[in-house]
Protein chains: 2
Amino acid sequence: MLAAAKAEGRPVFVLALEGQTASELVADTDHGWIPMGAVGRGIEMLKAAGTGDVVFAGGVRRPSLLKLGLDGRGAKLLAKVGKAALGDDKILSVLINELESDGLTVVGADDILSGLLVGEGSLGKHDPDDLAEADIARGVEIGRTLGLLDIGQAVIIQEGIVLGVEAVEGTDALIERAATLRREGPGGVLVKIKKPGQERRADLPTIGVSTVDACARAGLRGIAIEAGSTLVLGRDEVVAAADAAGLFVTGIQVPES
Amino acid sequence: MLAAAKAEGRPVFVLALEGQTASELVADTDHGWIPMGAVGRGIEMLKAAGTGDVVFAGGVRRPSLLKLGLDGRGAKLLAKVGKAALGDDKILSVLINELESDGLTVVGADDILSGLLVGEGSLGKHDPDDLAEADIARGVEIGRTLGLLDIGQAVIIQEGIVLGVEAVEGTDALIERAATLRREGPGGVLVKIKKPGQERRADLPTIGVSTVDACARAGLRGIAIEAGSTLVLGRDEVVAAADAAGLFVTGIQVPES
């Protein structure tokens, strides 16, 4: 996403999160580091950098409360959310409100990077068959429920069997696990959709060529992603890899409620 | 479970499933082998062995349709269930009805092995604290939903975060994965409950000393299981292991609907 923004010639300042962001990722870019809970300090750094649009990019996982590194403002925010029911998405919504109340503008990655969002239909030359369509339908049903419970965005289905469900391990680990769990016969399908009611400006489902490669290695038959709500990074490479591996990559409509 | 039945002096015949049952498990016991889909043949073997009560024991995972080894009766049964929505539990219910329609009596493991079911409250000397109680409550909510979708029986929660959700990989693999995903701070909790409306005579949630040992290795703080619906195998060893490792093992009430 950083590469895509730079390719468009945008000036970029990265607010990197200690223990979360890979340091090599920001090495060549203007950046600053904060612990995840230092909300007040982060806002000051963004303002000092003259930030216009703020974009959330990359997965962030909440560390233990002990390691949040809360500053005064972070602590107030956490008190507002409540410790008990803290899912990733809820924190992000509250955080976005907080940034906007301070005069910053938070936009979605899809707002500034045109063309990343997938539309409806298959990206490459392969399409799901009837069996795959049935697995996709079951995956969407389960994915929506997982989202409502703020658990994860991805699920793998093979012939109606749920091979695996994503929680904090992330989609790549889920796919890797599915490789060891798959049954013989037609391979499974990865279904990745956003959480119902998810704050669109944070953590939209994303796939890239590494996702396609991992699915091919795991013996999956294809990937179904939510049309209008999933970012495809490096679309040409994604299509080439999927076509070569015989996988479908298909944007599907997911009902809002 | 086989050992427990033998210890009670019951004569035992095991109908072992090709590709599912470990052969060393049945080596010292009167037994016969069938492919999972050979329903007619299995019923004949049970009758020929003079079987009184039939008990389902051990996890069974549906193989690919290609490997079911359906006989005529198995094929009819499968047509009745429908291929599309085949979860483990649905198959088992239909199978149990089929056995009973043939004059066999299917009973739950808890019906013949007294004392295996866990009651309410902690088995050993450790109890969940308030944080663990909150994680258990979230685990029960999620576990019920997973059950309604016929996905799995177990979930691991740490400070409100869903570390992992069980699908076909089974509880042991889930626990092992959680070891690598855990956050610092107070450890997570394993919550294992039956599926809402689950056929009680098949695949009741089960834990044993290996479950406790795995949880201890994964840095979890305890195990919450459904009172009245979870089998504890080797209770004395379970309590000793949990007490030694500082884990709680607690039977909890789960509302039926």
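Which strands of chain B does helix α9 (residues 209-217) lie across? Select that helix to find out: α9 of chain B lies across β8, β10 and β12 of chain B, and runs at about 140° to β10(B). Keep in mind as you look around that this is a predicted model.

**The sheet in chain B**

Now show the strands. An open sheet in chain B is built from 6 strands in the order β5-β12-β10-β8-β6-β7, with mixed pairing. Go to its edges, where you will find β5 (121-122) and β7 (161-165) of chain B, each pairing on one side only.

Next, zoom in on β6 (residues 154-158) of chain B. This strand and β7(B) run antiparallel and are joined by 4 bridges. Select B:Ile157 and look across to β7(B): the residue standing opposite is B:Val162.

**Charged pairs in chain B**

Side chains of opposite charge can pair when their charged atoms come close. B:Glu98 is buried because its relative accessible area is 13%, whereas B:Arg73, at 23%, counts as partly exposed.

Move on to B:Glu169 and B:Arg177. Are these two residues buried or exposed? Both B:Glu169 and B:Arg177 are buried, and they form a salt bridge whose closest N and O atoms are 2.9 Å apart.

**Over to chain A**

Select A:Lys47, A:Arg73, A:Glu98 and A:Asp102 together, and you will see a network of salt bridges linking them.

For the last stop, pick A:Lys194 and A:Glu226, which form a salt bridge with their closest N and O atoms 3.1 Å apart. Here too, distant parts of the chain are linked: A:Lys194 sits in the loop between β8 (189-192) and β9 (206-207) of chain A, and A:Glu226 in strand β10 (residues 222-226) of chain A, 32 residues apart. A:Lys194 counts as buried because its relative accessibility is 7%, and A:Glu226 is buried with a relative accessible area of 4%.

Methods:
Residues are numbered from 1 along each chain as its sequence is written. Chains are lettered from A and ligands numbered from 1 in the order in which they are written. This is a predicted model: local features need pLDDT of at least 70, side-chain atom pairs count only at pLDDT 80 or more; totals for chains, interfaces and linings use all residues. Side-chain values use heavy atoms; hydrogens and water are left out. A salt bridge is a side-chain nitrogen of Lys or Arg within 4 Å of a carboxyl oxygen of Asp or Glu. Helices (H or I, at least four residues) and strands (E, at least two) are DSSP runs, numbered from the N terminus. Buried means under 20% relative accessible area, exposed over 50%, partly exposed in between (1.4 Å probe, protein chains only). Two strands pair if DSSP finds at least two bridges between them. Contact means heavy atoms within 4.5 Å. Axes are lines fitted to C-alpha atoms, for helices over the stretch in contact, and angles run from 0 to 180 degrees between N-to-C directions.
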